[in-house]
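Here are my notes on this one, in the order I'd go through them with you. Have the model open while you read.

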Amino acid sequence: ARDLAQRAAETQIVDAIDENLPDGEEQSEWNYDALAKWSNTRYGTNYNANALRKIDRNSIDEELVQKAH
C-alpha cells in the first residue's frame with residue numbers, strides 16, 4: 001500500500017510540474033507560484049517561487065518527491 005501511495009504521489013508531482021512548468025513553453029511563462037502553493041498545500045512543504053526557480057526543472061520532481069515523504 002505504501003509503494004502504491006508513493007507511486008501515486010510521484011505521478012501527481014510530475015503532473016503538477018508539467019501543468020505549471022510546461023516543457024514547450026518559455027521559462028518566463030512558467031508558474032512557479034502555483035507549483036509552490038500546490039506542493040505546500042498537498043505535502044506540507046515550505047517552498048516559494050524563488051526557491052523552486054533555483055532548482056533545475058529536470059530535478060524538481062526528485063526534490064518534491066523527497067520532501068513529500
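1. Surface first. The protein chain exposes about 4,800 Å², and 40% of that comes from carbon and sulfur atoms. Bear in mind that this is a predicted model, so every number here is computed from predicted coordinates. As for burial, 32% of the 69 residues of the protein chain count as buried.

2. Charges next. The protein chain carries 8 positive and 14 negative charges.

3. Along its principal axes, the C-alpha trace spans about 40 × 25 × 15 Å.

4. Contacts along the chain. Take the contacts in the protein chain between residues at least 6 apart in sequence: 48% of them join residues at least 24 apart.

5. Now the salt bridge. How many does a search of the whole structure find? It finds one. The partners are arginine 57 and aspartate 18, whose side chains meet at 3.2 Å, N to O. Arginine 57 belongs to helix H4 (residues 57-68) and aspartate 18 to helix H1 (residues 2-20), so the pair ties together parts that are 39 residues apart in sequence. As background, side chains of opposite charge can pair when their charged atoms come close.

6. Are the two partners buried or exposed? Arginine 57 is buried, because its relative accessible area is 16% and the cut-off for buried is under 20%. Aspartate 18 is partly exposed, with a relative accessible area of 42%.

7. Have a look at serine 39 in helix H2 (residues 32-43). Serine 39 is buried, with a relative accessible area of 1%. Which residues does serine 39 touch, leaving aside those up to four places away in sequence? They are Gly44, Thr45, Tyr47 and Leu64.

8. Glutamate 19 is another residue of helix H1. At 62% relative accessibility, glutamate 19 counts as exposed, because the cut-off for that class is over 50%.

9. Last stop, the loop between H1 and H2, which is where serine 28 sits. Serine 28 counts as exposed, at 66% relative accessibility. Check its C-alpha against that of leucine 4: the two atoms are separated by 35 Å, and serine 28 and leucine 4 are 24 residues apart along the chain.

Methods:
Residues are numbered from 1 along each chain as its sequence is written. This is a predicted model: local features need pLDDT of at least 70, side-chain atom pairs count only at pLDDT 80 or more; totals for chains, interfaces and linings use all residues. Side-chain values use heavy atoms; hydrogens and water are left out. Buried means under 20% relative accessible area, exposed over 50%, partly exposed in between (1.4 Å probe, protein chains only). Contact means heavy atoms within 4.5 Å. Accessible areas come from the Shrake-Rupley method with a 1.4 Å probe; for residues, only the protein chains shown count as cover. Lys and Arg count as positive and Asp and Glu as negative; His and the chain ends are not counted. The place of a charge is taken as NZ of Lys, CZ of Arg, CG of Asp or CD of Glu. Helices (H or I, at least four residues) and strands (E, at least two) are DSSP runs, numbered from the N terminus. A salt bridge is a side-chain nitrogen of Lys or Arg within 4 Å of a carboxyl oxygen of Asp or Glu.
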